[in-house]
Amino acid sequence: IEKNVPIPRTNIKRSKYPFDQMELNESFFAAVKPSSLYAAARSWAIRSNSPKRFVVRPEEGGSRIWRME
């Protein structure tokens, strides 16, 4: 029996978007619907237990997302 052995992380999906690299007030464009981009950001934040918050707005040909917090 052993104590304090960390549980290895498995099956962690990397996001195809750079949410983890974004700093405050940075944004990027993606050629997807706003709802799809927001869902990806929300899912990433929950999976990574991140306090980062995002705002998504439609643009010609896709959507832009900004990191707000």
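Predicted model: local features only at pLDDT ≥ 70, side-chain atom pairs only at ≥ 80, totals over all residues.
Colleague: Where is Asn25 found?

Modeller: Asn25 sits in the segment before strand S1 (27-30).

Colleague: Why is Asn25 called exposed?

Modeller: Its relative accessibility is 59%. Exposed means over 50%, so Asn25 qualifies.

Colleague: Now the rings. How many aromatic pairs does a search of the whole structure find?

Modeller: The search finds six.

Colleague: Why is the pair of Tyr17 and Phe19 called tilted?

Modeller: The ring centres are 5.7 Å apart, and a pair needs centres within 6.5 Å. The planes meet at 55°. Stacked needs under 30 degrees and edge-to-face over 60, so this pair is tilted.

Colleague: How do you know that Tyr17 is buried?

Modeller: Buried means under 20% relative accessible area. Tyr17 has 14%, so Tyr17 is buried. Phe19 has 0%, so Phe19 is buried too.

Colleague: What makes the pair of Trp44 and Phe54 edge-to-face?

Modeller: The angle between the planes is 75°, and edge-to-face means over 60. The centres lie 6.2 Å apart.

Colleague: Which parts does the pair of Trp44 and Phe54 tie together?

Modeller: Trp44 lies in helix H1 (residues 34-48) and Phe54 in strand S2 (residues 54-59), so the pair links parts 10 residues apart in sequence. Both Trp44 and Phe54 are buried.

Colleague: Which residues form the aromatic cluster?

Modeller: Tyr17, Phe19, Phe28, Trp44 and Phe54 form one cluster.

Key. Residues numbered from 1 in each chain as written. Heavy atoms only, no water. Helix = DSSP H or I, 4+ residues; strand = E, 2+ residues; numbered from the N terminus. Buried < 20%, exposed > 50% of the residue type's maximum accessible area, 1.4 Å probe, protein only.
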